[in-house]
Amino acid sequence: MDDELLAILACPACHTSVERQDDGLLCPTCGRLFPIRNGIPVMLLSEAEGPGDAGDSADHGGEKPSAHQENS
Ligand SMILES: [Zn+2]
């Protein structure tokens with residue numbers, strides 16, 4: 001994937017330019033990771049992996065409300 005293509009790609013949620021990662025394209029603003037399939041970036045919110053983004057994906061059964069505060 002070349003830089004020219006990357007330069008015109010933006011997150012469909014917040015329109016931030018995405019950053020190339022090993023496993024996809026990361027939006028630094030909302031934290032969504034868009035997959036790249038067959039060399040083609042998939043800039044779809046429905047395909048993006050978001051951190052704590054309560055989407056319509058019901059893949060994981062039994063999600064607990066939130067007790068995610070750990071001090072390292
Ligand atoms: Zn975004």
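The following legends describe close-up views of a predicted model.

View 1. The strands follow the order 1-2-3, and their pairing is antiparallel. Strand 1 and strand 3 (33-34) each have a single partner strand and stand at the edges, so one side of each has no neighbour in the sheet. In general, the strands of a sheet are joined through backbone hydrogen bonds, in a parallel or antiparallel sense.

**View 2. The pairing of strand 1 with strand 2.** Three bridges link strand 1 to strand 2 (residues 24-26) in the antiparallel sense. Within this pairing, Arg20 has Leu25 of strand 2 as its bridge partner.

View 3. His15 belongs to the loop between helix 1 and strand 1 (19-21). Its phi is positive, at about 60°, although His15 is not a glycine. Most residues other than glycine have a negative phi. His15 is classed as exposed because 9 other C-beta atoms lie within 10 Å, and the cut-off for this class is 12 or fewer.

**View 4. Asn38 in the loop between strand 4 and strand 5.** Asn38 lies between strand 4 (36-37) and strand 5 (40-41). Asn38, which is not a glycine, also has a positive phi, of about 55°. Asn38 counts as exposed because it has 5 C-beta neighbours inside 10 Å.

**View 5. Asp2 and Gly39.** Asp2 is placed in the segment before helix 1 (3-8). With 6 other C-beta atoms within 10 Å, Asp2 is exposed. Asp2 and Gly39 are separated by 37 residues in sequence, and their C-alpha atoms are 9.9 Å apart in space.

Conventions:
Residues are numbered from 1 along each chain as its sequence is written. This is a predicted model: local features need pLDDT of at least 70, side-chain atom pairs count only at pLDDT 80 or more; totals for chains, interfaces and linings use all residues. Helices (H or I, at least four residues) and strands (E, at least two) are DSSP runs, numbered from the N terminus. A residue is buried if 20 or more other C-beta atoms lie within 10 Å of its own, exposed if 12 or fewer, and partly exposed in between; C-beta atoms are placed from the backbone. Two strands pair if DSSP finds at least two bridges between them.
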